[in-house]
Amino acid sequence: MIIAPSLLAANFGKFASETRRAERAGARWLHLDIMDGHFVPNISFGPEVVRVLRPLTRMFLDVHLMCSRPEILLEPFAKAGADEMTVHVELHDRVTPLLWKIKSLGKKVGLALNPPTAMEQVEPYLGQIDLLLIMTVNPGFGGQPFITETLPKIQQARAWRSAKRLSYRIEVDGGINFQTAAECAHAGADTFVSGTGLFRHRDLKAALKKMQKSVSEAGRRRG
Ligand code: DX5
Ligand code: ZN
């Protein structure tokens with residue numbers, strides 16, 4: 001079980017110290033939300049932020065591209081030090097070349113789907129990815145409530161993974177707090193992105209520990 005604090009919920013004036021705070025708290029992954037003001041109605045930050053943070057941390061940098069034209073961003077983020085890049089399946093016929101490009105850059109390959117998008121859309125790509133990102137809110141903003149209707153998608157992702165003998169991670173993103181993280185773990189998720197659910201806690205270490213405990217227990221209950 002991996003918990004990835006999302007930098008989107010950190011203090012934007014203090015990315016360096018917030019990154020160190022997450023690592024000191026015990027996080028092994030950091031989730032970076034890249035928004036282009038077109039694919040989603042918000043703008044966050046670009047490769048320069050990743051480049052500046054890279055030497056400060058050993059955390060795995062999980063870059064989520066909510067962008068209409070990720071093709072122009074893959075190389076810059078790879079050079080900046082991303083470990084993994086996730087593109088959205090809503091880009092349709094551009095998905096295959098994007099996944100190949102990420103792989104050719106030597107990075108882990110992620111594919112995301114939005115809440116209204118059916119799981120059948122991601123099925124053809126499952127053999128090519130390291131991570132499936134199931135959005136549990138409509139992307140664009142932190143702090144939104146978890147959409148419960150996404151839980152069956154997690155179960156489906158898990159069922160396909162064992163039926164097809166694949167090993168992609170099942171990541172959830174949006175509205176993840178102690179309670180919803182446990183629900184997702186019970187449904188079969190193993191990677192949990194949490195922004196406001198973690199960064200708003202002054203004691204991030206305790207919050208991470210609590211979330212880790214709640215997902216481990218829920219995962220064990222699932223068996
Ligand atoms: C939503 C982003 C998320 C965001 C989650 O568009 O993809 O990664 O940071 O934030 P919370 O955990 O606050 O819902
Ligand atoms: Zn995200």
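These are my notebook entries on a few spots I looked up in this predicted model.

**Ground rules.** I number residues from 1 along each chain as its sequence is written, and I letter chains from A and number ligands from 1 in the order in which they are written. Because the model is predicted, local features need pLDDT of at least 70 and side-chain atom pairs count only at pLDDT 80 or more, while totals for chains, interfaces and linings use all residues; side-chain values use heavy atoms, with hydrogens and water left out.

**Entry: aromatic rings.** I searched the whole structure and found four aromatic pairs (rings of Phe, Tyr and Trp, the last by its six-membered ring, with centres within 6.5 Å; planes under 30 degrees apart are stacked, over 60 edge-to-face, the rest tilted). I noted W29 with F60, a stacked pair at 4.2 Å centre to centre and 25 degrees between the planes. This pair joins distant parts of the chain, as W29 sits in strand β2 (residues 29–35) and F60, 31 residues apart, in strand β3 (residues 60–66). Strands here are DSSP runs (E, at least two residues) and helices likewise (H or I, at least four), numbered from the N terminus. I found W29 and F60 both buried (under 20% relative accessible area; exposed is over 50%, partly exposed in between, with a 1.4 Å probe and protein chains only). I also wrote down one aromatic cluster formed by F12, F15 and F45.

**Entry: the zinc ion.** Which residues hold ligand 2? I read off H31 (NE2), D33 (OD), H64 (ND1) and D173 (OD), at 2.0 to 2.3 Å from the zinc ion. Donors are N, O and S atoms within 2.8 Å of the metal (3.2 Å for Na, K and Ca), and sites may look incomplete because water is not among the atoms. The spacing of the donor residues in sequence is H-x1-D-x30-H-x108-D. Two of these residues I checked for burial: H31 has a relative accessible area of 0%, and D33 is buried too, at 4%.

**Entry: E171.** I located E171 in strand β7 (residues 169–173). E171 is buried without a salt bridge, and R169, the nearest side chain of opposite charge, is 7.1 Å away. For this, Lys and Arg count as positive, Asp and Glu as negative, and His and chain ends are not counted; a salt bridge needs a Lys or Arg side-chain nitrogen within 4 Å of an Asp or Glu carboxyl oxygen. Leaving out residues up to four places away in sequence, E171 touches W29, H31 and D62, among others (heavy atoms within 4.5 Å).
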